[in-house]
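Hi,

Here is the structure I promised to pass on.

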Amino acid sequence: QVGKLITKAYSGRGVDAVALAEDATFEDPLVRCVGKAEVSEAFRALRACQPTHVRAPLAMPSADVDDERGAVEVWLHQRYFGMLELESTVVVRSRADGLVSSIEERWHGGRLVGALALSRRLNGLASFYLTRLLIP
């Protein structure tokens, strides 16, 4: 299920909001989105980047000792704007009821820098409001 959710989301077709917890989060090195509405908007707006899969996404249980039991890693190799390639690991955590609680994208597998959390959150809020206005 998680693999399909992430494959769809990173294809520019949005995320299935019914799969998200109300307080779900999405975080990458640039943004932190909090709540179902912000996370859904981030993946809706991703289509403006014209994402394509260079390789099919691969999902497997997370082997990272810091990840909660049951977390799933999805390995991505994407192309954006027809030219920019990025490999990343997306760690998806779910609650006991199966709803996704967090999606964390680690570019080139690198962990997110905690010192940048405030700027990522501000970027997430700005993105939420601006993409709704600028991306049809």
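Predicted model: local features only at pLDDT ≥ 70, side-chain atom pairs only at ≥ 80, totals over all residues.

Let's start with the largest pocket, which has a volume of about 580 Å³. Helix H2 (36-45), strand S5 (84-94), strand S6 (100-107) and helix H3 (117-134) are the elements that each give two or more residues to its lining. H2 provides the largest share, with five residues. In total 25 residues line the pocket, and those nearest its centre are Asp28, Leu30, Val31, Leu46 and Cys49. What sort of residues make up the lining: nonpolar, polar or charged? There are 18 nonpolar ones, alongside three polar and four charged.

**H2 against H3**

Two packed helices are described by the angle between their axes and the distance between the axes. For H2 and H3, the angle is about 65 degrees and the axes are 9 Å apart. The crossing of H2 over H3 is left-handed. If you want to find the contact on screen, pick out Ala37, Glu38, Glu41, Arg44 and Ala45 on the H2 side. On the H3 side, look for Arg121, Gly124, Leu125, Phe128, Thr131 and Arg132. Sorted by class, this contact holds five charged residues, four nonpolar and two polar.

H3 is not the whole story for H2, though. The buried residues of H2 are Glu38, Val39, Ser40, Glu41, Phe43 and Ala45, and they pack against H1, S1, strand S2 (32-34) and S6 as well as H3. Glu38, Glu41 and Ala45 are worth a click, as they are among the buried residues of H2 and also take part in the contact with H3.

**H1 and what covers it**

Helix H1 spans residues 2-13, and its buried residues are Val2, Leu5, Ile6, Ala9, Tyr10 and Gly12. An α-helix has 3.6 residues a turn, so residues three or four places apart point the same way. What covers the buried residues of H1? The cover includes strand S1 (20-27), H2, strand S3 (52-61), strand S4 (72-80), S5 and S6. After H1 comes Gly14, with a positive phi near 80 degrees.

Tyr80 is in strand S4. Is Tyr80 buried or exposed? Its relative accessibility is 8%, so Tyr80 counts as buried, the cut-off for buried being under 20%. Apart from neighbours within four places in sequence, Tyr80 is in contact with Tyr10, Leu46, Cys49, Gln50, Pro51 and Leu86. Two of those names have come up already: Tyr10 is one of the buried residues of H1, while Leu46 and Cys49 are among the residues nearest the centre of the largest pocket. Between the C-alpha atoms of Tyr80 and Ile135, which are 55 residues apart along the chain, the separation is 16 Å.

Phe81 sits in the loop between S4 and S5. Its phi is near 55 degrees, which is positive even though Phe81 is not a glycine. With a relative accessible area of 45%, Phe81 is partly exposed.

Setting aside neighbours within four places in sequence, Ala48 touches Phe81 and Ile135. The relative accessible area of Ala48 is 37%, so it is partly exposed. From Ala48 to Gln78, 30 residues apart along the chain, the C-alpha atoms are 14 Å apart.

Arg95 belongs to the loop between S5 and S6, and at 37% relative accessibility it is partly exposed. Its contacts, not counting residues up to four places away in sequence, are Ala21, Asp23 and Ser101. Arg95 and Leu20 are 75 residues apart in sequence, yet 9.7 Å separates their C-alpha atoms.

Finally, His108 is in the loop between S6 and H3. Like Phe81, His108 is not a glycine and has a positive phi, here about 55 degrees. His108 has a relative accessible area of 63%, so it is exposed, since exposed means over 50%.

Happy to go through any of this together.

Best wishes

Technical notes
Residues numbered from 1 in each chain as written. Heavy atoms only, no water. 1 Å grid on protein atoms, 1.4 Å probe; cavity = no way out; pocket = protein on both sides within 12 Å on 5 of 7 lines; lining within 4 Å. Points joined across faces, edges and corners; volume = space filled by probe spheres on them. Helix = DSSP H or I, 4+ residues; strand = E, 2+ residues; numbered from the N terminus. Nonpolar A, V, L, I, M, F, W, Y, C, P; charged D, E, K, R; others polar. Axes fitted to C-alpha atoms, helices over the stretch in contact; angles between N-to-C directions. Left-handed = near helix turned anticlockwise from the far one by under 90°. Contact = heavy atoms within 4.5 Å. Buried < 20%, exposed > 50% of the residue type's maximum accessible area, 1.4 Å probe, protein only.
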